[in-house]
Amino acid sequence: MQIGMVGLGRMGGNMARRLMRGGHQVVAYARRAAAVKLLTGEGVSGAVSLDDLVAQLAPPRAVWVMVPAGPATEQIVFDLAAKVGAGDVLIDGGNSFYKDDVRRMRVLREKKIHYVDVGTSGGIWGLERGYCLMIGGEQAIVQRLDPIFKTLAPGVGGIPLTPGRARGAGTADQGYLHCGPSGAGHFVKMIHNGIEYGLMQAYAEGFDILLNARSEDLPEGLRYELNLADIAELWRRGSVISSWLLDLTAQALAENPTLSGYTGYVADSGEGRWTIMAAIEESVPADVLSASLYARFRSRQEHTFAEKVLSAMRQKFGGHVEPPAGG
């Protein structure tokens, strides 16, 4: 199948490679000519502009947009909409807000252009492992694009089927799923990332407690110098908390047990915030996910004014004195 790929960053470039290796004809464009040149050297057809990309694709066209969510995606989608024709499909594979998908779909529908949103998980490992794809859009259009999704997805692999599920009951066991109409794909991916925040925070806090088991504030007989790298490796084998995130944590600790190359500044890319917004709109308690998002905010600050207020209150009502800085 022929497909255009706009955006050749860490994920877009590897997705173009995986599609090419799967037998698809890929026409790729990025603002950085060097990124296009790199892929053309591997067999992908390069485009020097969006006009060139559209011209190289035979109708009905399919163009996958893989650029940062927000203004960049908005610009590319509507630039392309002015160049493609009726019956063509624009696919947003980034991390767009699902309500933006619904709005874009309605605008493009007036031009008879189809819009599909695909929440994509797999990161820099997706080239070899495949990508978990959460898809929103019209059933017929999603079905038309099935060869693309099937190639990008991990496939059944060595993961056993969940007891109670029949093999071939859908595509979920292959790593891709049509979740529902426009916006549903990115909505599911949004919640996926919110859960990811919570899982990551749980691991982080657990390892912090293990590290601080050596604290001199503890009774001498209850202090432990624990090997975190060994514990992470141990938990990977037979433990109920084993996961790919734990695999990556074990790898990081094996490379550098003190994680001295990291500052602890933790960014958030938006999906965690949107997850909490959805929880509020639905009146669903999301204690863990909310706390994990706030922990990321906290990681970017020194002591906050709120903490100074807390300290001041403790001093005023109980005479509690702060320890010296660095002490």
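**Sheet order and helix packing in a predicted model**

In strand 4, Ala62 and Trp64 point to one side and Val63 and Val65 to the other, and all are buried. Buried here means under 20% relative accessible area, with exposed over 50% and partly exposed in between (1.4 Å probe, protein chains only). The model is predicted: local features need pLDDT of at least 70, side-chain atom pairs count only at pLDDT 80 or more, and totals for chains, interfaces and linings use all residues. Residues are numbered from 1 along each chain as its sequence is written, and side-chain values use heavy atoms, without hydrogens and water.

The secondary structure of the chain comes to 14 helices and 8 strands. Both are DSSP runs, numbered from the N terminus (helices H or I, at least four residues; strands E, at least two). Of the 327 residues, 40% count as buried. The C-alpha atoms fill a box of roughly 75 × 45 × 45 Å along the principal axes. Among contacts between residues at least 6 apart in sequence, 64% join residues at least 24 apart. A contact means heavy atoms within 4.5 Å.

Two strands pair if DSSP finds at least two bridges between them. Strand 1 (residues 2–6) pairs with strand 2 (residues 25–29) in the parallel sense over 5 bridges. Gln2 has Gln25 of strand 2 as its bridge partner. Strand 1 also pairs with strand 4 in the parallel sense, over 3 bridges. There, the bridge partner of Val6 is Val65. Strand 4 is in turn joined to strand 5 by 4 bridges, and the two run parallel. Trp64 stands opposite Ile91 of strand 5.

Axes are lines fitted to C-alpha atoms, for helices over the stretch in contact, and angles run from 0 to 180 degrees between N-to-C directions.

Helix 4 (residues 71–81) packs with helix 5 (residues 98–109) at an angle of about 10°, with axes 11 Å apart. The two helices are therefore roughly parallel. Angles under 35 degrees count as roughly parallel, over 145 as roughly antiparallel, 65 to 115 as roughly perpendicular and the rest as oblique. The crossing is right-handed. This term applies if the near helix is turned clockwise from the far one by less than a right angle; anticlockwise is left-handed. Thr73, Glu74, Val77, Phe78 and Ala81 of helix 4 meet Arg103, Arg104, Val107 and Leu108 of helix 5. These residues divide into 5 nonpolar, 1 polar and 3 charged. Ala, Val, Leu, Ile, Met, Phe, Trp, Tyr, Cys and Pro count as nonpolar, Asp, Glu, Lys and Arg as charged, and the others, Gly among them, as polar.

Helix 9 and helix 11 (residues 244–255) pack at about 40°, with axes 11 Å apart. They are therefore oblique to each other. Helix 9 passes helix 11 in a right-handed crossing. Leu199, Met200, Tyr203 and Phe207 of helix 9 contact Leu245, Leu246, Thr249 and Leu253 of helix 11. The residues of this contact divide into 7 nonpolar, 1 polar and no charged.
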